[in-house]
Amino acid sequence: MSEPTSLAGEAEKLDAADGLAALRERFVLDDVTYLDGNSLGALPAHVPARVEDVVRRQWGELRIRSWDESGWWTAPERVGDRIAPLVGAAAGQVVVGDSTSVNVFKALVAAVRMAQEDGPGRNEILVDATTFPTDGYIAESAARMTGCALRPVTPAEVPGALGERTAAVLLNHVDYRTGRLHDLPGLTAAVHAAGAYAVWDLCHSAGALPVGLDEHGVDLAVGCTYKYLNGGPGSPAYLYVRRGLQARFDSPLPGWNSHAEPFGMRSDYAPASGAVRGRVGTPDILSLLALEAALDVWDEDGVSVAAVREKSLALTDFFLRCVGAYVPDGRVESVTPAAHAERGSQVALRCDDAGEVMKRLIERGVVGDYRAPDVLRFGFTPLYVGFADVERAARVLARTLSG
């Protein structure tokens, strides 16, 4: 078993050599070791001043004029173009607005409609059986609405489950419980080979690792912005519609914001062109512009997703080493894959009485979260988490489990 002083010294050297270490100063942090950015990212320090300007000047002084003069009307596409390179997409394919759940519904129903236009008999939706519950609820509702059968399967079972009846497949890029990274390129190719459409949920991957939506021909994708993108609690989600499908994207939630003539007030609906079709109603401007400000960290500091991924893997590797060195044998079991190609940016540890253990960890200044029935989740946001944080978290975990 390694001595704490040895691993602490190694952590200090790793932090000194970390090319992203200076970014920590861009966030509002304290002495707490914060490893829950996979649920809610930390606050970028410049965001409050930007939001104050939005409230006091843009809303308080300019009022209705801000829709034009402050760029409120075009914000969903503008912020979408800021997110696009973080998920491997060219401009003009991502629109920001609504929640992840709402965007899953739009994407899945639109995917089924396109499949049914392609030919008869496409009446089955495959959904990730291990998905976050809401995605499953939405998939069930979408299936009822489109006259499809819903078939839950694990991602590994998808290739064997695909067939002539498959219309669409809804999958998670990273499993929210275990942190397992699924094979987006391979599964997307398999879905396409079966003549179906792939819808990916990127909530636990965007901002933490390369996605490659355009490169891998993903049809539709959704994701939240309050985790690794640090957009703030309840910040709006985004919807990706591949350029080649935009003219066929038939949203089940047509709204005046996605109309070709939004101020024409016509009784008949005519969809706008491009990703704008993914809009519905009036954007949530305060949250949307807070998110836009948060994204400055990526642009102004020239942060690459590749560098973030490299550090993410180094952090999770080091955490697993420290846990192995400090925690008594048999007290925890990692359910996160060891292979880099199968790991997101979190580590999930199975542990007896996990809820109580996490409560005590938080009381001791290490913040992760708990997922029933027995999982401790630790998320590693490379923009502000360092190696000393990782070593301390493992050391406090060991002390908590020992007494």
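Trainee: At what angle do helix α1 and helix α13 pack?
Mentor: Helix α1 (residues 4-16) packs with helix α13 (residues 387-402) at an angle of about 160°, and their axes are 7 Å apart. That makes α1 roughly antiparallel to α13, a label for angles over 145 degrees. Axes are lines fitted to C-alpha atoms over the stretch in contact, with angles from 0 to 180 degrees between N-to-C directions. Helices here are DSSP runs of H or I with at least four residues, and strands are E runs of at least two, numbered from the N terminus. This is a predicted model, in which local features need pLDDT of at least 70 and side-chain atom pairs count only at pLDDT 80 or more, while totals for chains, interfaces and linings use all residues. Residues are numbered from 1 along each chain as its sequence is written, and side-chain values use heavy atoms, without hydrogens and water.
Trainee: Which residues in α1 and α13 meet?
Mentor: From α1, they include Leu7, Ala11 and Asp15; the α13 residues include Phe387 and Arg395. Contact means heavy atoms within 4.5 Å.
Trainee: Changing topic, how many salt bridges are there?
Mentor: The count is 29 salt bridges, each a side-chain nitrogen of Lys or Arg within 4 Å of a carboxyl oxygen of Asp or Glu. One of them joins the side chains of Arg248 and Glu117, at 3.2 Å from N to O. Arg248 lies in the loop between β8 (238-241) and α9 (285-294) and Glu117 in helix α5 (residues 100-118), so the pair ties together parts that are 131 residues apart in sequence.
Trainee: And the backbone: which peptide bond is cis?
Mentor: The bond from Ala372 to Pro373 is cis, with omega near 5°. Pro373 sits in the loop between β12 (369-371) and β13 (375-379).
Trainee: What is phi of Arg63, and where is the residue found?
Mentor: Phi of Arg63 is near 50°, a positive value in a residue other than glycine. Arg63 belongs to the loop between α2 and α3 (66-69).

Methods. Angles under 35 degrees count as roughly parallel, over 145 as roughly antiparallel, 65 to 115 as roughly perpendicular and the rest as oblique.
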